[in-house]
Amino acid sequence: MEGKKKYGWIGPFVEAWKDDYIYKTLISASFSFACTVLFALYHGCLGILYRSVWHWGICAFYLLLMAIRGCILLTEKRNRIRPEADRPRFRYRTFLISAALMLALDVSLLLPIILMVLLDAPVNMGLVSAIAMAAYTTYKITMASIHFRRQSRRACGDPLIMELRTVNLIDALVSILTLQNTLIMVKQKGEDMLLVSAGSSAVIYIIIVSVTIRMLLRGIRQMAR
């Protein structure tokens, strides 16, 4: 009652946001899904306009990311009206589908990363835009890391929620790769930059594959209980 008085008609939503971690995750994922659609359209249009393989590769990544978030959100929405006993079965089916999509997601990153390492990825922004992108990427990776660690500390829980937090972290890590490429291409090129790009891209990709495998193994263990 106090929450309703304090926040008015949005009181129930605010209270749910504060108290229900799963609800907060699903709402955040809905906004992320909308952003993913925009990024996919943006890179898809640039790929067609400039006939850019790099933009097509990034578009494929965002399409897979959109599919993963979409099927998880759809399952959780439909589970709200399903009997409690039926929910684990639908979550397990969605987990298997989205797990296969996550493996495809990791593979889809190989081509854009190779192009970035070779400094062959196009850049369509100046230094000021790159700095703004850096600020946004810093915020994105910070929030994704915090929530990923928080979810990792939960001994049990919905594996689909864990998967959403994992794809958020992967999304943020790919933003770092894109930012790195942008800053290198805007500032300068050269053999030193090639080595820096190759080394950091390899490290980030290993982290992406590691968190994917860790999430899949943990999800499979939870589903087997």
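I take the expected span of a helix as 1.5 Å times one less than its number of residues. The model I apply this to is predicted, and I keep that in mind throughout these entries.

**Entry: helix α5**

I looked up helix α5 (residues 87–108), whose 22 residues should span 32 Å at 1.5 Å a residue, and I found its end C-alpha atoms 31 Å apart, which agrees with that expectation. I then listed the buried residues of α5, which are R87, F90, R91, T94, F95, S98, A99, M102, L105, D106 and S108.

F90, one of the buried residues of α5, held my attention on account of its arginines. The charged end of R82 sits over the ring of F90, at 3.6 Å from its centre, and R89 also lies over the face of F90, at 4.5 Å from the ring centre.

**Entry: chain overview**

I went back to the whole chain and noted nine helices and zero strands, so that, with helices and strands taken as DSSP runs, the elements run α-α-α-α-α-α-α-α-α from the N terminus on. Buried residues make up 45% of the 225 residues in the chain. For contacts with a separation of 6 or more, I noted that residues 24 or more positions apart account for 78% of them.

**Entry: aromatic rings**

Next I searched for ring pairs, describing each by the distance of the centres and the angle of the planes. The structure holds two aromatic pairs. F39 and Y62 form a stacked pair, with 5.3 Å centre to centre and 15° between the planes. This pair links distant parts of the chain, since F39 is in helix α3 (residues 21–50) and Y62 is in helix α4 (residues 53–79), 23 residues apart.

How exposed or buried are the two partners? F39 is partly exposed, with a relative accessible area of 31%, whereas Y62 is buried, with a relative accessible area of 5%. The rings of F61 and Y62 have their centres 5.1 Å apart and their planes at 70°, so I recorded this pair as edge-to-face, the cut-off for that class being over 60 degrees.

**Entry: α4 against α6**

I then followed α4 to helix α6 (residues 110–117), where I found that the two axes come within 8 Å and cross at roughly 145°. The crossing in which α4 passes α6 is left-handed. The contact is made by V53, W54, G57 and I58 on the α4 side and by L111, P112, L115 and M116 on the α6 side.

**Entry: R51**

Which backbone angle made me stop at R51? Its phi is positive, about 55°, although R51 is not a glycine. I noted this because most residues other than glycine have a negative phi. R51 is found in the loop between α3 and α4, and at 72% relative accessibility I count R51 as exposed, the cut-off being over 50%.

**Entry: L183 and A134**

Last, I looked up L183, whose place is in helix α8 (residues 159–187). At 34% relative accessibility L183 counts as partly exposed. How far from A134 is L183 in sequence and in space? The two are 49 residues apart in sequence and 8.9 Å apart in space, taken C-alpha to C-alpha.

Methods. Residues are numbered from 1 along each chain as its sequence is written. This is a predicted model: local features need pLDDT of at least 70, side-chain atom pairs count only at pLDDT 80 or more; totals for chains, interfaces and linings use all residues. Side-chain values use heavy atoms; hydrogens and water are left out. Rings of Phe, Tyr and Trp (its six-membered ring) pair if their centres lie within 6.5 Å; planes under 30 degrees apart count as stacked, over 60 as edge-to-face and the rest as tilted. Helices (H or I, at least four residues) and strands (E, at least two) are DSSP runs, numbered from the N terminus. Buried means under 20% relative accessible area, exposed over 50%, partly exposed in between (1.4 Å probe, protein chains only). A charge sits over a ring if NZ of Lys or CZ of Arg is within 6 Å of the ring centre and within 35 degrees of the ring normal. Axes are lines fitted to C-alpha atoms, for helices over the stretch in contact, and angles run from 0 to 180 degrees between N-to-C directions. A crossing is left-handed if the near helix is turned anticlockwise from the far one by less than a right angle, and right-handed if clockwise. Contact means heavy atoms within 4.5 Å.
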